[in-house]
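Biologist: I would like to learn how to read a helix, a core and a sheet from a model. Please take them one at a time.

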Amino acid sequence: MRLDLVTLVVTEYDPAIAFFTEVLGFELAEDKPSLTNDGRPKRWVVVRPPGGGTGLLLARADGEHQAGAVGDQTHGRVGFFLQVDDFEAVHRRMVDAGVEFVRPPRTEPYGRVAVFRDIAGNSWDLLGPA
């Protein structure tokens, strides 16, 4: 058993794809036409960290209620955790790409950590070895 996908509600597909692939270095695993439950067109978009693992289903907000969740899926808490081998290099690359870091890097008992926001405004921990 494994956790395959987590849905991330976004405003638009293409800017979200660009953020996750070009800025964070994820791979675009799927981008296929699909339909909503009531037959309207949408896309099935999945991005994954290099080498696989749990992917993100990038779901464009459908309606006012879902649009209100964009950027607040975990109600202000860090809800996503990106583990990297070379913390300093990845952090520098993300800063250079304009990623918003809301807390600077610090060392904790579990390693290096810095909090950043994704394109939708959700908070993530960038995690690496101490």
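Biologist: Which residues of α1 are buried?

Modeller: Helices are DSSP runs of H or I with at least four residues, strands are runs of E with at least two, and both are numbered from the N terminus. Buried means under 20% relative accessible area, exposed over 50%, partly exposed in between (1.4 Å probe, protein chains only). In α1 the buried residues are Y13, A16, I17, F19, F20 and V23. Just after α1, G25 has a positive phi of about 85°. This is a predicted model: local features need pLDDT of at least 70, side-chain atom pairs count only at pLDDT 80 or more, and totals for chains, interfaces and linings use all residues. Residues are numbered from 1 along each chain as its sequence is written, and side-chain values use heavy atoms, with hydrogens and water left out.

Biologist: Which residues have the most contacts inside the largest nonpolar core?

Modeller: In soluble globular proteins, nonpolar side chains tend to be buried together. A nonpolar core is a set of buried Ala, Val, Leu, Ile, Met, Phe, Trp, Tyr and Cys residues joined through side-chain atoms within 4.5 Å. Here the largest one has 25 residues, and F20, L24 and L58 have the most contacts inside it. α1 gives the largest share, 6 residues.

Biologist: In what order do the strands of the open sheet stand?

Modeller: Strands of a sheet pair through backbone hydrogen bonds, either parallel or antiparallel. Two strands count as paired if DSSP finds at least two bridges between them. The order of the 4 strands is β5-β8-β7-β6, with mixed pairing. β5 and β6 (101–108) are at the edges with a single partner strand each, so one side of each lacks a neighbour in the sheet. β7 and β8 pair in the antiparallel sense over 6 bridges.
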